[in-house]
Each structure stands twice: as C-alpha cells, then as structure tokens.
Amino acid sequence: MNFILKNSQFLQIIIILIATIISCTFISNAPEKSSAQIQNPRKSTDHDFSYFESLNKPIFKSKNQSSSSSSSNSYSNSLIEKKIENDCSVWSRACGEEILEMATKPENVKWIKSIRRKIHENPELAFEEHETSALIRKELDELQVKYRFPLAKTGIRAMIGTGKPPFVAIRADMDALPIQEAVEWEHKSKNAGKMHACGHDAHSAMLLGAARILKARENHLKGTVILIFQPAEEAGNGAKRMIKDGALENVEAIFAMHISHLIPTAVIGSRSGPLLAGCGFFKAVITGELADPILAASSSVISLQGIVSRESNPLDSQVVSVTFLNNGDDDVDVRAKKVEFGGTLRAFSNTSFNLLLKRIEEIIIAQAKVYKCSATVDFFKNSDTIYPPMVNDDRMYQHVQNSVIDLVGPTGFRVAQPVMGAEDFSFYSEIIPAAFFYIGIKNETLGSIHSPHSPHFMIDENALPIGAATHAAIAERYLNKH
C-alpha cells in the first residue's frame with residue numbers, strides 16, 4: 001500500500017511539471033502588452049485622437065481643384081489608426097470635450113497658427129483672394145474634402161458628411177483691407193498698403209481647423225456640413241455673389257464667427273435678435289441756377305439731424321451722419337451752382353432702416369425746394385453698399401449658446417451688446433435661420449487691444465483652436481439635434 005502511494009505521488013508531480021512547461025510556453029508566445037496598457041487600460045469611453053498625431057505624415061492629395069476627388073479610398077481610415085469609440089448618438093458634454101481635446105493638441109495648435117500667419121503675410125483685397133483661396137483648396141485637397149470652386153470668383157463651398165440632409169453651413173471671410181500694417185512682427189504683411197486688419201485671416205484658419213476636426217469625425221455626422229469660404233466681405237458684398245452662385249443650396253441653417261477685441265481671448269459672445277446694424281450710404285446733389293444751393297445744403301444737413309433726435313424711438317438706436325460736403329469749386333468769389341454732400345445711416349431693424357431711407361430723401365428734396373433748388377439723392381442700391389441688419393434667429397442663438405457651454409463651460413460664453421458695425425453675413429440671415437457670434441482676442445499683455453480696421457490691429461492666436469472647436473461643435477451638434 002505504501003509503495004503504490006509513493007508511485008502515485010511521483011506520477012502526479014510529473015503531470016504537474018509537464019502542465020507547467022506547456023503553460024509557460026504558451027504565455028511566452030503571446031503578444032506583449034506595453035507598460036502604458038498595463039498601467040492605463042483603455043476604457044470604452046476613451047477616444048483616439050491619432051488623427052492629429054498624423055498631421056506631420058504625408059497625406060494623400062487630390063489633384064482636382066474644381067471639385068476634390070470623390071475616390072472610394074476615403075479619408076477616414078487613411079489618417080485615423082483607430083476609430084473614435086464615442087459616436088455621440090445622444091449629444092453630451094463628453095462630445096464637446098472630445099472635440100476640444102482634438103482642437104487643442106499641440107501639433108494642431110501649431111498647424112492652425114501657421115495657416116493664419118501664411119494668410120496674414122499675403123493679404124488680398126475683395127475678389128482678389130487668389131493665393132488665399134489656393135492655400136485653402138490645397139488644405140482641403142490634403143484632407144480629401146470635396147468642394148466646389150469658384151463661387152463669386154474666388155469663393156469655395158466645401159462639404160463634409162453624408163452628402164444627405166440635413167445641411168448646415170459655417171462661413172468664414174477671406175479678404176483684407178487697404179491699410180498699411182503698423183505692427184512690427186515676424187509675419188507682417190508683405191503686400192504694401194494691404195493688411196488683414198479685421199481678422200479674416202483668423203476666420204479662414206479657424207474654419208479650416210474645423211474642417212480637420214469634422215473630417216476626422218465624419219462617420220459621426222448625421223448629415224452634411226457645408227464650409228463657405230467667402231470673398232469680399234469688406235464693402236464688396238461677397239455674400240450676395242456667393243448666394244447667387246449656389247452657396248446656400250439645400251442649406252437650412254448657417255453660422256459665422258468674428259473676432260472681437262472687446263472680449264477676453266477665447267470667450268464666445270452673442271445675443272438673440274439684433275446684433276449688428278443695417279448699413280447704408282447716401283449722396284445728395286443740390287443744384288440751383290438762380291438760387292443758393294449752399295444754403296439749401298446747409299439747411300438739409302441741419303434738418304437731417306432731427307430724424308434720430310426727434311422722430312425715432314430713443315430705445316431703438318439709429319444713426320444718420322453727414323460725412324462730407326463739397327461745392328466743387330475753390331473760387332471764393334463765385335457762387336456755387338451745385339453742392340454735393342453725403343454720409344451714412346445705420347439701424348438695428350429693417351423697419352427702422354427703411355424709414356431712414358425714406359426720410360433722408362424726403363427732407364433733402366423738401367429743403368432744396370424751400371430755397372428754390374432741385375435735389376437728387378442716391379443710396380447706391382445698385383452698388384451693393386446697403387447691408388441689412390444682422391438679426392440672430394432665437395433658436396440658432398440658443399444652439400450656439402448651448403454648444404459653447406458644453407464645449408468650454410458657462411464662463412466661456414457671455415451675452416454680447418449690439419454694435420453699429422455691419423456685416424454682409426446678414427444677407428444669409430435673410431434667407432435661412434442664422435446666428436452670428438464673436439470670439440474674443442483681447443489680451444492686454446500681448447497688445448491685442450486695438451479695434452478692427454486699425455493699422456495696429458493684432459490678435460491673440462490662442463483663440464484659434466477654440467474657434468475651430470466651436471465651429472465643429474456647433475455644426476456636429478446641429479446635425480445631431482436635427
């Protein structure tokens with residue numbers, strides 16, 4: 001009995017040793033986990049941002065500039081090593097945080113600043129934005145983003161998403177101003193007498209930044225995002241030309257952003273209802289062969305001041321300003337036979353704006369008759385110089401506010417005050433629901449405190465990635481909600 005027991009124990013030991021050797025061999029041939037995987041196991045809610053880690057790698061470039069290639073070799077798998085796991089089918093703050101993390105990756109921040117600086121160095125005036133447009137198309141080609149070109153001569157209409165409804169648009173302007181830059185820095189304007197003094201270089205860079213984010217998340221888009229790169233906002237009325245050329249085809253809502261030196265860097269500001277004034281210009285010509293047109297013009301100028309001070313609602317801000325008067329002759333010994341004068345008008349509603357147009361003409365013609373003269377008034381309606389008021393749609397404004405708060409928290413949004421500036425984005429808002437909002441660039445330490453259209457204007461570039469993320473979040477969330 002004892003002998004048999006010992007042999008059984010010996011056999012058990014042999015079996016255990018063999019099993020141990022087999023197990024060790026299997027484990028040694030298994031794939032190894034990195035220390036990072038062991039220490040930080042991936043959760044189901046973690047997201048992969050390898051898209052921006054690949055920005056310095058070669059990217060397939062489309063050769064078709066009029067409309068990017070619709071090749072079956074889609075962008076999504078060629079630049080993203082792993083799919084983003086959160087599909088945001090129900091929008092949450094986590095979706096905004098994911099977009100923000102993508103936008104603020106150091107390599108993406110470096111890229112978006114470089115884009116803005118390239119555009120800033122080469123400012124181009126209205127409808128002359130050929131190099132700017134080419135740069136934007138090159139970036140879209142590298143992203144494999146489809147687009148139509150040209151619209152309004154240099155404009156671009158790009159598309160990301162399913163190609164099916166709903167369609168939501170984001171717009172940026174591209175043109176510069178005829179101003180000599182006075183800011184001395186490495187990327188100062190290289191074109192004499194031209195400057196990006198209104199931030200359109202930043203607007204274009206932020207919209208391109210949004211394109212990168214949205215393309216990386218294209219499989220999560222529940223519709224189509226239209227990216228509008230518009231020429232000639234500065235008194236060239238590029239918006240009307242873009243609309244005429246089909247920029248708003250199938251689009252049901254549109255959003256746009258503008259920098260603001262009154263708001264701290266990266267803070268978003270907007271409001272429901274009137275945000276920017278309607279703007280127009282007028283020129284009057286008073287003639288009198290046997291009368292005194294200078295006296296008639298002087299009386300007209302004084303009478304025009306009563307429109308705002310005596311006829312308008314004091315709670316409804318309006319402006320009528322005469323900015324020049326000229327009799328066309330320097331000879332003080334000769335009575336003038338003709339006098340020209342003119343100025344600008346502003347109002348926050350179409351009703352008030354149209355009333356100003358009516359009253360300016362009535363007063364000038366009536367005052368001319370008092371002094372036995374004749375008068376004509378030109379509002380340049382055929383020269384695209386009348387901009388309607390920018391009135392934010394209530395629902396679109398609320399969408400912007402909710403998107404921003406989810407993205408950066410409640411301190412990242414503030415209610416903005418209306419200003420008398422004008423924007424041709426208002427033409428889009430007359431056709432479809434729209435919202436216009438600001439992104440702050442105010443930074444006293446950097447000197448980013450000067451108003452747009454100043455030769456000393458500069459921006460705090462730390463706003464750029466936040467602007468790109470804001471665009472992307474607003475667009476993706478809109479598609480998700482609609």
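The protein chain holds 14 helices and 14 strands. The model is predicted. Of the 482 residues in the chain, 51% are buried.

- Take contacts in the chain between residues at least 6 apart in sequence: 81% of them join residues at least 24 apart.
- The accessible surface of the chain is about 23,000 Å². Carbon and sulfur atoms account for 54% of that surface.

**Largest pocket**

- The volume of the largest pocket is about 720 Å³.
- Its lining counts 28 residues. Nearest the pocket centre lie C198, L276, G421, A422 and H453.
- Strand 5 contributes the most, with six residues.
- By class, the lining residues of the largest pocket split into 16 nonpolar, eight polar and four charged.

**Strand 2 and its partners**

- Strand 2 spans residues 155–161, and five of its seven residues are buried, so the rest of the structure largely encloses this strand. Buried here means under 20% relative accessible area.
- Strand 1 (residues 146–151) runs antiparallel to strand 2, and four bridges join the two. K146 sits opposite M159 of strand 2.
- The hairpin of strand 1 and strand 2 has three residues between the strands. In this hairpin, A152 adopts a positive phi near 50°.
- Strand 4 (residues 224–230) also pairs with strand 2, antiparallel and through six bridges. I226 in strand 4 is the bridge partner of M159.

Technical notes. Residues are numbered from 1 along each chain as its sequence is written. This is a predicted model: local features need pLDDT of at least 70, side-chain atom pairs count only at pLDDT 80 or more; totals for chains, interfaces and linings use all residues. Side-chain values use heavy atoms; hydrogens and water are left out. On a 1 Å grid over the protein atoms alone, a cavity is a set of points where a 1.4 Å probe fits but cannot get out, and a pocket is an open set with protein on both sides within 12 Å along at least five of seven lines; lining residues have an atom within 4 Å of a point. Grid points are joined across faces, edges and corners, and a volume is the space filled by probe spheres set on the points. Ala, Val, Leu, Ile, Met, Phe, Trp, Tyr, Cys and Pro count as nonpolar, Asp, Glu, Lys and Arg as charged, and the others, Gly among them, as polar. Buried means under 20% relative accessible area, exposed over 50%, partly exposed in between (1.4 Å probe, protein chains only). Contact means heavy atoms within 4.5 Å. Accessible areas come from the Shrake-Rupley method with a 1.4 Å probe; for residues, only the protein chains shown count as cover. Two strands pair if DSSP finds at least two bridges between them.
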